[in-house]
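My notes follow the order in which I looked things up.

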Amino acid sequence: MASNKSVKSQSLSWLRRVHLGHVSFTLYIHFVLLTITLAEIYRIPLKHSSKLVTKQVLEDKKKTLDNNDHNLSGKPGEGYYIEVSIGTPPQKLNVLVDTGSSNFAVAAAPDPDLTKYFIKRMSKTYKNVGTSIYVPYTQGHWNGILGTDRVRLSEMIIEDVTVNVACISSSKNFFINGSNWQGILGMAYADIARPNSTVEPFFDSLMKQQPHLENSFSLQLCGTVDSPGLDDVSMGGTMVIGGIDETLYTGQIYYTPLRKEWYYEVLITDVEVNGTSLGVDCKEYNTDKTIVDSGTTNLRLPENVYNKVLTAFKKNTHTFTPIPEKFWLGKELLCWNRSDVPWREFPVISIYLSQSNSTSFKLDISPQQYLRAVSPAYSKTANKDCFKFSVATSAAGSVIGAVILEGYYVVFDRQNRRIGFAQTMCHPRTTSVPPSRVIRNYVTKDNQKCVYVKPYSGPSALTIVAYVMAAISAVCIVALSFCFVQWIQQRRKKKNEDRRDVQALID
């Protein structure tokens with residue numbers, strides 16, 4: 001019996017180990033599959049909106065300047081676009097990638113500035129919603145009708161998704177002749193979608209219909225580099241859907257929390273020029289908001305901050321020849337002989353972004369970011385490098401635009417409500433000055449003091465006084481009415497008493 005019991009015990013022990021091993025192995029396989037699923041990312045090609053760089057130049061650039069397979073292309077000031085396929089059968093169009101808006105919109109009617117557009121009647125899957133949409137800009141607008149259709153980002157291997165498509169029927173100063181894009185891909189939140197927040201943005205639809213993807217995307221915008229014999233070769237860049245590509249950056253990613261899910265709103269805690277703070281109340285940097293916007297070219301700042309920056313730039317720029325005022329205002333170009341650009345004579349501008357309530361990290365922005373290269377075809381100056389100053393004033397808060405983003409790898413981590421910045425692996429335009437950098441934790445006292453709170457926009461003081469007077473008058477009228485009623489009742493009572501007294505005398 002003892003021997004049988006021992007054998008039975010050993011058998012049970014062996015079965016338990018086998019069972020536990022099977023469970024462990026099953027859990028391990030599930031974990032591996034889950035990890036693979038969660039780690040799934042897609043690299044999407046972005047192209048530049050310039051006709052000046054030929055396909056052969058781009059191929060030469062890939063061979064001689066960079067072995068990394070960039071799938072974004074773009075030039076400072078000209079925007080970055082992506083190819084999409086719309087409808088059934090698919091129609092291929094290019095759309096600007098814009099983190100400062102939320103509508104997916106494409107041309108759906110002939111336009112003198114376009115060579116192609118989306119033909120709704122040719123798509124078997126297009127459905128007309130019928131809602132009218134009007135989107136104004138500072139200098140232009142477009143009108144369209146809302147519909148839905150199947151859309152695929154052309155380089156993604158995942159299935160098509162059904163999304164809202166604004167079909168642009170008319171526009172003014174929106175499309176650019178020769179730009180090679182025919183629409184816009186808004187990547188922000190539904191809160192700023194037109195005509196209202198019930199219009200689900202493209203990225204929200206993608207996340208719902210492809211739940212295995214992480215709710216994030218990242219951008220590597222590479223701008224331009226100098227190369228002998230080639231004019232401002234575009235280095236393109238990459239958009240990553242579903243996470244982070246570690247080959248696109250170096251060092252650590254530093255995150256700043258999103259303040260609100262509408263634009264990608266963040267918080268600036270300080271601005272420096274050549275290491276010296278502007279010395280203004282940090283609320284001014286964020287009046288009335290600060291956003292990260294790939295669809296805006298320049299670094300745009302509130303007027304008072306912009307004026308302070310301009311004064312500091314003039315003080316800290318030491319070129320051999322004086323810089324004309326119109327250059328600082330963005331109205332005139334500066335040109336130098338090739339390879340003679342005085343990069344070292346221009347200052348570094350630094351932007352501090354809130355990391356927590358008591359810490360910030362710093363973006364050191366190289367002159368090669370805010371001095372935006374302008375093609376010789378536009379400057380009409382042969383054999384020279386020409387630049388435009390890309391810091392401008394804003395009436396609607398601070399905007400960290402494309403010329404700044406081109407210095408970094410930027411992660412839009414919607415899942416954790418934060419924006420990340422890391423040093424990009426893009427080639428710098430020049431090696432004569434350090435590239436843009438991210439510098440870690442700086443202790444700050446209280447970053448909440450930098451939050452801009454809009455003034456109360458309720459009734460004016462005069463209106464409030466009028467309401468108070470009206471209320472007082474109403475109270476007085478009620479009181480007088482009550483007294484009048486009481487007086488009438490007293491009179492009636494007295495008359496009744498007098499009548500009774502007279503009747504008593506008669507009787």
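This is a predicted model: local features need pLDDT of at least 70, side-chain atom pairs count only at pLDDT 80 or more; totals for chains, interfaces and linings use all residues.

I began with Cys335, which has 29% relative accessibility and therefore counts as partly exposed. Its value lies between the cut-offs of 20% and 50%. Cys386, at 2% relative accessibility, counts as buried. I found that Cys335 and Cys386 form a disulfide, with the sulfur atoms 2.0 Å apart. The torsion about the S-S bond is 110°, and the link of Cys335 and Cys386 is right-handed. This pair connects distant parts of the chain: Cys335 lies in strand β19 (residues 334-337) and Cys386 in strand β23 (residues 384-389), 51 residues apart.

I then searched the whole structure and found three disulfides.

I noted next the disulfide from Cys222 to Cys426, with an S to S distance of 1.8 Å. The torsion about the S-S bond of Cys222 and Cys426 is about -60°, so this disulfide is left-handed. Cys222 sits in the loop between β10 (217-221) and β11 (224-227), and Cys426 in the loop between β27 (418-424) and β28 (437-443); the two are 204 residues apart. I recorded both Cys222 and Cys426 as buried.

The remaining entry is the disulfide of Cys282 and Cys450, S to S 2.1 Å. I read -90° about the S-S bond, and the link of Cys282 and Cys450 is left-handed. Cys282 is in the loop between β16 (276-277) and β17 (290-292), while Cys450 is in the loop between β28 and α9 (461-506), 168 residues away. Cys282 and Cys450 are both buried.

How values were computed
Residues are numbered from 1 along each chain as its sequence is written. Side-chain values use heavy atoms; hydrogens and water are left out. A disulfide is a pair of cysteine sulfur atoms within 2.5 Å. Helices (H or I, at least four residues) and strands (E, at least two) are DSSP runs, numbered from the N terminus. Buried means under 20% relative accessible area, exposed over 50%, partly exposed in between (1.4 Å probe, protein chains only).
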